[in-house]
Each structure stands twice: as structure tokens, then as C-alpha cells.
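Let's take a friendly walk through a protein model with more than a sequence to look at. Keep the 3D view open while you read.

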Amino acid sequence: MNIRTESVRAPGYLATLAARERWGRSEIAFWLVLVAVYFLLPNNLMFASQILITGLFALSLDLILGYAGIVTLGHAAFFGLGAYTAGLLTKTGYTEPASGLMVAGLVAGAFGYLSSYLVLRGRDLSRLMITLGIGLLLYEVANRATDITGGVDGLQGIAVGKVFGLFAFDLYGKTAYLYVLVVSFLLFVMVRSLMTAPYGLSLRSIRENQQRAVAIGIPIRARLTNIYTLSAVIAGIAGALLTQTTQFVAIDVFAFQRSADLLIVLLIGGTATLYGGFVGAAVFLLAQDWLSSINAEYWLFWLGLLLIITTRYLRTGVMGGLKSLQRLAARAKPGEES
Amino acid sequence: MLNFLGLLFDGLAYGTLLFLISVGLSVTLGLMGFVNLAHGVFAMLGGYLLVTLMGRLGFGFLTALPLIFVAVALISLVLERSLYRPFYKKTHLEQVLLTVGIIFVATAGATYFWGPGQQPIEIPVWMKGQLNLAGVDLSRYRLFLMAVGTAITLLLVFGLERTRFGARVRASVERQRTAESMGIHVERVFQITFALGSGLAGLGGALGVDVLGLDPYFPLKYLVYFLLIVVVGGPGSVIGTLSAALLLGVADTAGKYYIPSTGAFVIYVAMIVLLLLFPQGLLGRRKEI
């Protein structure tokens with residue numbers, strides 16, 4: 001960046017803010033790689049869609065955990081609601097997937113909005129317990145209401161129609177992958193612009209220091225309520241994507257394990273980085289695939305160990321590691337910086 | 001009516017177990033504000049130690065119990081030193097992640113050493129069967145549980161109210177900064193209470209094998225119960241924890257008996273409602289965590 005022209009154009013802080021909004025080269029490369037996956041790995045597209053869906057789900061958690069600092073142990077509640085909504089919707093005979101996603105997002109969002117009043121009341125510990133309680137409660141409902149949800153056997157016989165009546169899902173997951181990629185990208189662009197806008201900055205200031213945030217006039221409660229709702233909407237859509245691409249809903253969409261796994265995914269990738277969720281999902285699912293092929297039973301052991309080590313030593317995740325590498329590289333070549 | 005009395009009795013015995021396990025969590029949470037979701041791991045460890053000591057090594061039931069208390073307390077000291085200590089000043093989120101990690105490792109470890117199934121336990125003959133008291137059949141084992149629970153509660157209350165160490169603990173819970181400035185080594189106090197609390201959890205887990213069951217998912221299965229008891233009872237309060245545990249024990253037993261179809265539903269709803277109604281705990285301690 002050229003310092004001289006910068007100082008002529010605008011004050012430094014404006015330039016920094018503008019730089020936040022601009023799409024970086026690595027960001028564009030990231031999405032191009034995802035497009036390239038479609039052509040380069042045609043046999044692994046189902047797995048790649050799983051990674052994207054988990055990444056999108058992690059992005060929704062990042063909104064409330066990374067940006068707003070709300071601790072939750074029950075985010076799977078919204079994922080599960082979206083998954084079951086999309087599944088049950090096709091049972092009623094309405095099979096168009098794209099609008100199914102919207103319905104699922106709306107249902108999860110409505111539930112998120114209502115539960116935000118319970119969750120946001122307390123401090124960390126009671127938030128933890130209430131989110132945990134809501135998650136377990138929904139699991140129990142899905143478990144007991146076997147007539148509707150199929151109970152532990154899961155919801156079977158879901159027939160998903162063509163996207164917009166044009167693109168049918170195929171056996172190899174080609175359509176599924178593109179469909180998931182497009183939805184993820186659109187939601188990502190929305191989240192990205194929200195987080196680079198003053199809105200995102202106000203969330204950060206709430207996380208960093210509530211008292212000062214109040215002092216500069218940020219409506220804390222309203223901000224937290226609507227980011228919680230938005231996060232629920234995105235989690236619901238991620239759940240619906242899983243249902244539509246796998247044509248099955250397992251009861252473990254509501255499981256505590258899923259909420260805990262998601263925290264790990266985000267932690268591995270790095271919180272409040274936007275891309276952390278996707279990167280973490282890729283690392284997590286690939287590691288799971290590899291380690292459970294060695295020994296399925298003890299995957300939990302590695303998972304726990306990974307969790308302990310990342311919280312203890314690698315607090316900033318993969319994205320944080322990449323950033324400090326970038327900084328190191330920049331310091332090594334000072335000539336290019338100025 | 002008799003049926004109801006029997007139910008009440010079972011519920012109280014169940015509550016006593018829950019109390020034994022969660023009282024340690026209550027004190028450590030009140031003292032350090034440390035969210036230790038892995039507290040149930042110590043209870044599970046106690047259970048597995050009992051199974052091993054009695055089944056494989058041929059120890060008697062009553063000799064095994066104190067051994068388990070000491071062993072679990074020592075193991076928890078090692079864990080406190082190596083894993084927990086760096087996290088005291090960190091955020092609750094990091095504490096949660098760390099302790100969830102510990103639960104996962106413990107669950108996988110238990111599966112590795114003892115297998116995924118429920119563990120059977122052979123309680124001594126003299127504790128089996130029923131005792132008829134005024135027309136109500138009472139299980140001898142549950143009577144024994146309640147006796148142990150009562151004795152430990154009295155010990156704890158006496159220890160906290162009447163000894164110098166107890167005074168230090170109370171002072172540290174009440175106001176950590178002031179306690180430190182009075183020359184109390186709060187970290188040492190915490191370390192000792194952590195070990196004692198974990199030892200009690202181990203004891204509770206061992207006593208509970210027959211009542212609560214024992215499998216590698218024990219720490220997750222009962223996590224909600226422990227947390228609920230601690231938060232409702234008010235962190236750091238022994239009597240609060242006891243009343244919350246007994247209440248929960250009776251409510252859960254009655255719920256499972258009268259409306260079995262709802263399963264764990266009642267307990268989750270109770271948790272959310274109680275948290276909303278009493279954000280400060282039943283006894284209203286002002287400690288924000």
C-alpha cells in the first residue's frame with residue numbers, strides 16, 4: 001500500500017475501514033478453489049458438500065460466539081429445527097428445495113427470536129445452561145414424537161424436487177454441491193457485508209466492553225436479539241441443506257455432540273474471522289474421516305485431546321496462525337510493504 | 001399414601017447421591033467461578049474404581065469406599081495442577097471447551113478400559129433387600145446411602161462453620177480479593193477444596209453405581225443434573241446444594257413414576273423455568289457468574 005497517496009486521499013482510519021470492506025486476493029482465491037473442487041474432485045462431492053454445510057453452520061455460530069460473545073452449548077437446536085422443517089415440508093408434498101430452505105430458515109429464526117429472550121437474560125453460566133437445556137429439550141421432543149419425526153430411526157422417505165423446478169439432484173452429488181456452494185456463498189456475502197458494516201463493529205464493541213458500548217449509544221439488547229435471530233436463521237438453513245442433500249434426517253441433528261463438535265470446528269478454524277468456520281469444518285471432517293477409519297470407537301478420544309490442546313495452546317485457530325505467518329512474511333520482506 | 005412415602009424415600013436417596021456428587025462442583029464454582037463441566041468425570045472414575053476394586057481385586061465394599069475417596073482426590077489434584085490452573089483467569093467459554101474436552105477423553109478412556117456397556121455391581125448381602133418400617137418397605141441400601149449423606153453433610157457443615165480452614169473457604173467465596181489481602185492463600189484453599197470436592201464426587205459415583213448406573217457416557221448424561229443443582233442451590237452454599245439436590249431427586253423420581261412417557265422432559269423444563277425464576281439461586285446468594 002502506498003502511504004503517500006493514502007494520506008492525500010483520506011485519513012488513515014477511513015482507509016483501514018475501506019480496506020476491511022474490499023475483497024482480498026486470498027478471499028477470492030478461497031471461493032475459486034471451492035468452484036475448482038467441483039471439477040477436480042468429482043468423486044468426493046458429497047463429502048465436500050458436508051464440509052460446506054458444516055462450515056455454514058459454524059459461520060452462524062461465529063456470529064453469536066465470535067462476534068457478539070454469546071456462549072452457547074445448544075446451537076444444534078436451530079440446525080435440527082431447520083433439518084426437520086425441510087424434511088417434514090417435503091412430506092406434505094411441497095418439494096421445491098430453494099423455497100424449502102427459506103421456510104426452514106424462517107422457522108429456525110422464529111424459534112431463535114423467541115428463545116433469545118430466555119438466553120440473553122442471564123450471564124455466561126445461565127446462558128450455557130439455558131442453551132443446553134433448550135437443545136436437550138428439542139432432542140427429547142424429536143425423540144418422543146415418533147409419529148411425526150420418526151424418533152430415533154430418523155425421518156425417512158424424503159423426496160426432494162428439482163431446484164427451481166430445473167435442476168434435479170443426482171446420485172453423485174453434483175447438483176447438491178453446486179446448490180450448497182451457491183447458498184453458502186450468498187449467505188456468506190450477506191454476513192460479510194454485515195460484519196464489515198458499522199453493525200458488525202458495534203457487535204464487536206459489545207463483546208469487548210459492554211459499558212463503553214452503552215456509553216457510545218449502542219442498543220445492546222436489540223443488537224444481541226437480532227444477531228441471535230440471524231444466527232438461528234443461518235443455522236436452520238444449514239440444517240435444511242443437510243436434509244435436502246442427504247434426503248434423510250437423523251435425530252442426532254439435535255444431539256449435544258453436534259453442538260460441542262461445532263464449537264470445536266469454530267475453535268480450530270478461529271473465531272471472528274468469517275472463514276474460520278469453513279476452514280475448521282474442512283480440518284475437522286477430514287480428521288474425523290481419517291481417524292475414525294483407523295479406529296471409529298476412539299475418535300472421541302482424539303477429539304477431546306484436540307479440544308484440550310487447541311484451547312490451551314492454539315487459541316487463535318488456523319486463521320490466526322495463517323495471519324501471524326502472513327505478518328512474519330511481511331516483516332521478512334520490508335521492501336514490499338512500503 | 002404408602003406408595004407416595006416409598007417414592008419420597010427413593011427420591012431422597014437419589015437426591016442424596018446427587019448432593020454428594022455436586023457439592024464439590026458448587027464449592028469450586030463459588031470459589032473460583034470456574035465452570036467445570038467435567039465434574040461428573042470424577043464421579044464416573046469413582047464408580048469404575050469401585051467396580052475394579054471389588055470385581056477384580058477382591059476388596060470389600062466398605063474398605064473400597066475410603067480408598068476411592070482418597071484416590072479420586074489425588075487424581076483430581078494432578079489434573080488441577082496440570083490442566084485447570086492455567087484456565088482460572090480465562091473466559092468461561094475457554095473453561096467450557098477445556099472441560100468438554102476432558103469429558104470426551106474420559107469417555108473414550110472408560111470405553112477403552114471397561115467397555116461401552118453398563119457395569120454391574122455386587123453390593124454386600126447385608127445391604128440387600130428391604131427393611132419394613134411402620135408399614136413402608138425401605139431398601140436397606142438406600143437407607144445406607146441416606147445415612148452416609150447425612151453424616152457427610154454434618155461433617156461439611158461442621159467443617160465449614162467451625163474450623164479455621166472452613167472460615168478461610170467461606171471468606172474466599174464471599175470476597176476473594178479481601179480474603180487475599182487478609183493473607184489467605186486463596187489458590188491453596190481452592191486446591192484443597194477442589195480435591196475434597198472431587199473425592200466426594202468419586203465417593204458419590206461409587207455409591208451410585210447401583211442407583212444411577214455406570215457407563216462411559218455418565219458425565220454427559222448427568223451433566224444437566226449437576227449444573228442444575230449447583231445453579232439452583234446457589235454456588236458455594238452447602239445447604240442450598242443439599243436442598244436443591246433433594247428437591248430435584250424427589251421431583252425426578254416422582255416425574256418418572258407418575259408421567260413416565262415424558263422421560264427427561266420434566267427435568268429440562270424445570271431447569272429452564274427455575275433459572276428464569278431464580279437467577280440468583282433458591283437461597284438468593286448474590287454471586288453473578
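Is A:Ala272 buried or exposed? A:Ala272 is buried, because 22 other C-beta atoms lie within 10 Å, and the cut-off for calling a residue buried is 20 or more. Please keep in mind that this is a predicted model.

**Two residues with a positive phi**

Here is a handy piece of background. Most residues other than glycine have a negative phi. A:Ala272 has a positive phi of about 55° although it is not a glycine. You will find A:Ala272 in the loop between H13 and helix H14 (276–294) of chain A. A:Gln247 is not a glycine either, and its phi is positive at about 55°. A:Gln247 sits in the loop that links helix H12 (220–246) to H13 of chain A. How does its setting look? A:Gln247 counts as partly exposed because it has 16 C-beta neighbours inside 10 Å.

The table sets out the two residues.

| Residue | Phi | C-beta atoms within 10 Å |
|---|---|---|
| A:Gln247 | about 55° | 16 neighbours, partly exposed |
| A:Ala272 | about 55° | 22 other atoms, buried |

**Where the chains touch**

Now look at the place where chain A and chain B meet. Chain A brings 33 residues to this contact and chain B brings 35 residues. On the side of chain A that touches chain B, the elements giving two or more residues are helix H7 (124–144), helix H13 (256–269) and helix H15 (299–313) of chain A. Which of them gives the most? H7(A) does, with 13 residues. Sorted by class, this side of chain A has 21 nonpolar, five polar and seven charged residues.

Next, turn to helices within chain B. Two packed helices are described by the angle between their axes and the distance between the axes. For helix H5 (residues 140–162) and helix H6 (residues 164–174) of chain B, the axes come within 5 Å and cross at roughly 80°. That angle makes H5(B) roughly perpendicular to H6(B). From H5(B), the contact uses B:Gly159, B:Leu160, B:Glu161 and B:Arg162, while H6(B) supplies B:Gly166, B:Val169 and B:Arg170. These contact residues divide into two nonpolar, two polar and three charged.

Finally, find helix H3 (residues 61–84) of chain B. Its buried residues are B:Ala64, B:Ile68, B:Phe69, B:Val72, B:Ala73, B:Ser76 and B:Tyr84. What covers the buried residues of H3(B)? The cover includes helix H2 (39–56) and helix H8 (186–212) of chain B.

Technical notes: Residues numbered from 1 in each chain as written. Chains lettered and ligands numbered in written order. Predicted model: local features only at pLDDT ≥ 70, side-chain atom pairs only at ≥ 80, totals over all residues. Axes fitted to C-alpha atoms, helices over the stretch in contact; angles between N-to-C directions. Helix = DSSP H or I, 4+ residues; strand = E, 2+ residues; numbered from the N terminus. Parallel < 35°, antiparallel > 145°, perpendicular 65-115°, else oblique. Contact = placed C-beta atoms within 7 Å. Nonpolar A, V, L, I, M, F, W, Y, C, P; charged D, E, K, R; others polar. Buried ≥ 20, exposed ≤ 12 C-beta atoms within 10 Å, placed from the backbone.
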